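I opened the model today and kept notes as I went. The entries are in the order I looked things up.

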Amino acid sequence: MNLRRDVFQAIADPTRRAILLLLAAQSMTAGVIASNFDTARPTVSKHLQILTECELLKQEQQGREIYYHLNPEKMEEIANFLEPFRKLWNDRFNKLEEVMKSYKSNE
Amino acid sequence: MEQKTKITAEEGKQEIIITRTFELPLYLLFKAYTEPELVEQWMGNKVLKMENNVHGSYQFETTDEHKNVLFRANGCIHKVIENQNITRTFEMENTGFPVQLEFLDFEFISDNTSKLTIKIIFKSVADRDNMLKLPFAKGINMAHNKLEKLINKLK
């Protein structure tokens, strides 16, 4: 089973934060990204996969190479520290609405 | 698309305003806040105590599967006017966060829509900012916990 990825999981890891920082300057291929770390290449690939799954990174095919670049919209979401707070309340209120709608139909 | 839940936190102020319009009649929205069984369902906490009257009080608790207390909060109810507003305090126990003052305004929009405005006043600007950062820190912790659980399963 694949765990649902969220941005918090993505940025909780120091290597992944370093990857984001690296890509802030320019787009790179997986090989070039991996060459910046001592970690084994498959480990870096796994990090790239997680970052891509939670949409912090986007892949772009250029000829035979795949380039990774930052997704500015998603980055903005985590940069804005109010957003997690808003999301927390939004989820809570969605739940309230759901609970009360079923309560109403049972009245 | 306009966001359903809005947060206003002006810089340098010790307050935040949370607004949300619900697809619910006003009385049901108010009930969601005052009936303990309903509060438990949407907040995900256990309600240990809830006296919705002037000078009443309430207490919430969350425990894990081993009955360890993860979270406990309490407050005093200053004033309740049915289907209009609740004025209360809120304090998370054992966290170092000072008590906060909450004004909850329930508003009729139409027969099937109602609006909730929560104004929270903090002891200081710094306390407010720390509270705003809390879900962010929690998100990171939760991710860690999930990973820990996963790793423990693999062991």
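The notes below start with conventions and confidence, then take each chain and the place where they meet.

**Conventions.** I number residues from 1 along each chain as its sequence is written, with chains lettered from A and ligands numbered from 1 in the order in which they are written. This is a predicted model, and local features need pLDDT of at least 70, side-chain atom pairs count only at pLDDT 80 or more, and totals for chains, interfaces and linings use all residues.

**Confidence.** I looked up the complex scores: the predictor gives an ipTM of 0.81 and a pTM of 0.65. Then I checked pLDDT, the predictor's confidence in each residue, from 0 to 100. Chain B has a mean pLDDT of 86, with 85% of its residues at 70 or more. Where in chain B is confidence lowest? It is lowest in helix α3 (residues 125–154) of chain B, at a mean of 64. Strand β7 (residues 100–110) of chain B is highest, at 98.

**Chain A, layout.** I took helices (H or I, at least four residues) and strands (E, at least two) as DSSP runs, numbered from the N terminus. Chain A has six helices and three strands. I read its elements from the N terminus on as α-α-β-α-α-β-β-α-α. I called a residue buried if 20 or more other C-beta atoms lie within 10 Å of its own, exposed if 12 or fewer, and partly exposed in between, with C-beta atoms placed from the backbone. Of the 107 residues of chain A, 21% count as buried. For contacts I required C-beta atoms, placed from the backbone, within 7 Å. Of the chain A contacts with a separation of 6 or more, 54% come from residues 24 or more positions apart.

**Chain A, sheet.** Strands pair here if DSSP finds at least two bridges between them. The three strands form an open sheet in the order β1-β3-β2 (chain A), with antiparallel pairing. Its edge strands are β1 (28–29) and β2 of chain A, and each pairs on one side only. Helix α2 (residues 14–25) of chain A packs on this sheet and touches β1, β2 and β3 of chain A. I took axes as lines fitted to C-alpha atoms, for helices over the stretch in contact, with angles from 0 to 180 degrees between N-to-C directions. The direction of that helix makes about 100 degrees with that of β3(A).

I then followed the hairpin. Strand β2 (residues 57–62) of chain A joins strand β3 (residues 65–70) of chain A through six bridges. A:E60 stands opposite A:Y67, and A:Q62 stands opposite A:E65. Two residues lie between the strands, and A:G63 takes a positive phi near 65 degrees.

**A:F37.** Is A:F37 partly exposed or buried? It has 15 C-beta neighbours inside 10 Å, so A:F37 counts as partly exposed. A:F37 is in the loop between α3 (30–35) and α4 (41–53) of chain A. Leaving aside neighbours within four places in sequence, A:F37 is in contact with A:T15 and A:V44.

**Chain B, sheet.** I traced an open sheet of eight strands in the order β1-β2-β8-β7-β6-β5-β4-β3 (chain B), with antiparallel pairing. β1 (5–8) and β3 (46–50) of chain B stand at the edges with a single partner strand each, so one side of each has no neighbour in the sheet. The twist averages 20 degrees from one strand to the next. Strand β6 (residues 85–92) of chain B pairs with β7(B) over six bridges. B:F90 has B:Q100 as its bridge partner in β7(B).

**Chain B, α1.** Which residues are buried in helix α1 (residues 26–34) of chain B? They are B:L26, B:L28, B:L29, B:F30 and B:A32. Their cover includes α6 (82–105) of chain A, together with β2 (15–22), α2 (36–43), β7 and β8 (113–121) of chain B. α1(B) lies across β2, β6, β7 and β8 of chain B, at about 155 degrees to β7(B).

**Where the chains meet.** The axes of α6(A) and α2(B) come within 8 Å and cross at roughly 135 degrees. Angles under 35 degrees count as roughly parallel, over 145 as roughly antiparallel, 65 to 115 as roughly perpendicular and the rest as oblique. α6(A) and α2(B) are therefore oblique to each other. The contact is made by A:R92, A:K95, A:L96, A:V99 and A:Y103 of α6(A) and B:L38, B:Q41, B:W42 and B:M43 of α2(B).

Key. Two residues are in contact if their C-beta atoms, placed from the backbone, lie within 7 Å.
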